[in-house]
Amino acid sequence: MIHLLAVLLSAGAFTALALSMKRHQRDFAGRALTERESRLARTGGWSLVGLVLAIDIAVFGFGYALVAWAGQLTMGAWLNVAWLCWKTGASRKN
Amino acid sequence: MKEGLRQSMALLHTWTGLLLGWLLFAMFATGTSAYFQDEITRWMQPEITGSADPVTSAEGAVRFLQRTAPDATSWYISLPNSRSATTQVYWQAAEGQKRGKRADTSAVLDQSGREVSTRDTRGGYFLYRFHFDLHYIPVLWARYLVGVAAMFMLVAILSGIITHKKIFADFFMLRFNKGQRSWLDAHNVTAVIALPFHLMITFTGLVTLAIMYMPWGIAANYADRTAFQDAVFGKSVDVARSGNPAPLVAVAPLMRTASAAWDGKRVGYVKITNPGDSTAMVNIARASEGAIGSRGEEISFNGITGRPADHSMAKGAALATESVMIGLHAGRYAEYGLRWLYFLSGLGGTIMVGSGLVLWTVKRRTKLPDPNHPHFGFRLVEKLNIATVAGFPAGIAAYFLANRLLPLSMAERADHEINSLFLTWLAVFVWAVVRPSARAWPEALGLAAALFAAVPVVNALTTSRGLPASLLAGDWLFVSFDLVMLVLAAGFAKGARRAARKRAEGPRAVRRKTPEAMAA
């Protein structure tokens, strides 16, 4: 269960980091974000990455947490790719 | 200059990736399956149900060994972990006795110490061993070959990073379905997203056999291998039997003492030397699932009095590092959540190697002077790709099917299960050679899909533990196994459909190109 939560948080982290980059804002948000919003997304994204690690350390202890963290970030990134694929696939059909 | 470096790295990436890529694919596929080797074994031994307690199992094993091999030099008891239900025992025949076949000095027991009556199979353990020992060839050669392949892999990963370092900046550009580039996308996405895993697994894989690949450090500092072993792991004390019989101490209390010394972690392994003699020793080792490091703690006890007799040495920093690296590779410590993350990353790695192999032909096809009649090297790569990327997984499905379909009383049954894997692989290779590649691709991928889809069906028909029954019984191991087979079947079916569609588009594209090629 904790892995599921961590994977979802990681996915959110990657989405936020993508949002903080100018050229991806249209893909993810549908519009260009303001400077302030981009900065917020960047801080938020990195904070989530840190939060996932913190949760892992609290639950599993340091060594195990590092491995779990790497795996969860990987799956979080996968979710973003899957979502983007689904979205581009859907928009192509329209 | 910079462009020169990138170009030479791209060249290195292409060729180190290709040369042993087929072997790497098979290693990655079976290595990935090894994260669930206990579960695969349980699926392949459907007669065995329930779980086993290590202490009860150890007592049962000792009873069995006292009956079967009372005067052995030593007994080795590999206890069930939290994912398995059987105990493996091995014994070393007494001095002067002929060393028999492995089957004569080993047994698989249930927790009460009775030999289990199950079909003859090597289960998930075979797939695990194959990923570094291969099959049909001497183990030593296999391990050198595997080592070279792993070193190539490491070079391919590092040169890939240098060549395509743009990929990190373009991280969020990664996606599938961008038309012609779908193989490139599959390669990029699977490579980049699980890059920490790929680097870790390749490097630590080499570390598992590092002493074999780099023997010179030891050769320069120690008289021989035994001197090294003694210096690092403590001198092995081989005490001869005194000839005075003495009853063996009860193992259960010793296991509890050891477990308590390790914060309640399970015991994984019990070794008893000179059983039944006054010189008996009991050596207890921590289960590998207890911590990341693969070399666990050990405690030795006097086999008569049960008093601790500790000879084991504290681990140095180098040994501890090696232990953690090997542990990280094998993932025996991982509970189910992390185990699935390992498995999925491994699956990604397998797709990375497979798509990289296919990419080699995709990139070259358009540059061929006559795409309808490629030269020999190109055809060879293409055929080997079909045989491996589609044929090897088909072979694994055949291995599972053979487990259910071969007659239970068949002689050498376990060997025939293994042969069916390689026969299927060979059959797909032959098929790929005789058929035009454009047709062989969808056919071979379709075969793999059909075989994987057949596994749950045949399981339901031949055992009482089919998908509906195990769903009702809440038998999640069997449910997950069958579901993974169906997901793999769906994946291969999708691949087959895509390859078939490509074929429908392919010839036209080629025909359009040919006049230009001829004009040029």
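View 1. Ser78(B) stands opposite Tyr269(B) of E4(B). As this is a predicted model, the pairing described here is computed from predicted coordinates. E1(B) and strand E4 of chain B, residues 267-273, pair in the antiparallel sense over 5 bridges. Strand E1 (residues 74-78) of chain B is also joined to strand E2 (residues 87-92) of chain B, again through 5 bridges and with the strands antiparallel. In this second pairing, Trp75(B) faces Trp91(B) of E2(B), the two residues standing opposite each other.

**View 2. Crossing of helices H4 and H13 in chain B.** The axis of helix H4 (residues 54-68) of chain B comes within 9 Å of that of helix H13 (residues 251-261) of chain B, and the two cross at roughly 145 degrees. The crossing of H4(B) and H13(B) is right-handed. On the H4(B) side, the contact is formed by Val55(B), Ala58(B), Glu59(B) and Val62(B); on the H13(B) side, Val251(B), Ala252(B) and Met255(B) meet them. By residue class, the contact of H4(B) with H13(B) comprises 6 nonpolar residues, no polar residues and 1 charged residue.

**View 3. Nonpolar cores, including the surroundings of Ala448(B).** The largest nonpolar core contains 114 residues. Those with the most contacts inside this core are Phe25(B), Ala397(B), Ala444(B), Leu445(B), Ala448(B) and Phe452(B). Helix H16 (residues 376-405) of chain B provides the largest share of the core, 13 residues. When residues up to four places away in sequence are not counted, Ala448(B) touches Ala390(B), Pro393(B), Ala394(B), Ala397(B) and Phe492(B). A second, separate core has 30 residues, among them Phe64(B), Leu79(B), Val251(B) and Val267(B).

**View 4. Contact between chain A and chain B.** Chain A contributes 20 residues to the contact and chain B contributes 18 residues. On the side of chain B that touches chain A, helix H8 (182-193), helix H9 (195-208) and helix H15 (336-365) of chain B each supply at least two residues. H15(B) gives the most to this side, with 6 residues. The residues on the side of chain B that touches chain A divide into 14 nonpolar, 3 polar and 1 charged.

View 5. Most residues other than glycine have a negative phi. Tyr136(B) lies in the loop between helix H5 (123-133) and helix H6 (139-163) of chain B. Because Tyr136(B) has 8 C-beta neighbours inside 10 Å, this residue counts as exposed. Asp263(B) is placed in the loop between H13 and E4 of chain B. With 8 other C-beta atoms within 10 Å, Asp263(B) is exposed.

**View 6. Loop position of Arg114(B).** Arg114(B) is found in the loop between strand E3 (106-109) and H5 of chain B. Since a residue counts as exposed if 12 or fewer other C-beta atoms lie within 10 Å of its own, Arg114(B), with 12 such atoms, is exposed. The C-alpha atom of Arg114(B) is separated by 26 Å from that of Ala402(B), and the two residues are 288 residues apart along the chain.

How values were computed: Residues are numbered from 1 along each chain as its sequence is written. Chains are lettered from A and ligands numbered from 1 in the order in which they are written. This is a predicted model: local features need pLDDT of at least 70, side-chain atom pairs count only at pLDDT 80 or more; totals for chains, interfaces and linings use all residues. Two residues are in contact if their C-beta atoms, placed from the backbone, lie within 7 Å. Helices (H or I, at least four residues) and strands (E, at least two) are DSSP runs, numbered from the N terminus. Ala, Val, Leu, Ile, Met, Phe, Trp, Tyr, Cys and Pro count as nonpolar, Asp, Glu, Lys and Arg as charged, and the others, Gly among them, as polar. Axes are lines fitted to C-alpha atoms, for helices over the stretch in contact, and angles run from 0 to 180 degrees between N-to-C directions. A crossing is left-handed if the near helix is turned anticlockwise from the far one by less than a right angle, and right-handed if clockwise. Two strands pair if DSSP finds at least two bridges between them. A nonpolar core is a set of buried Ala, Val, Leu, Ile, Met, Phe, Trp, Tyr and Cys residues joined through C-beta atoms within 7 Å. A residue is buried if 20 or more other C-beta atoms lie within 10 Å of its own, exposed if 12 or fewer, and partly exposed in between; C-beta atoms are placed from the backbone.
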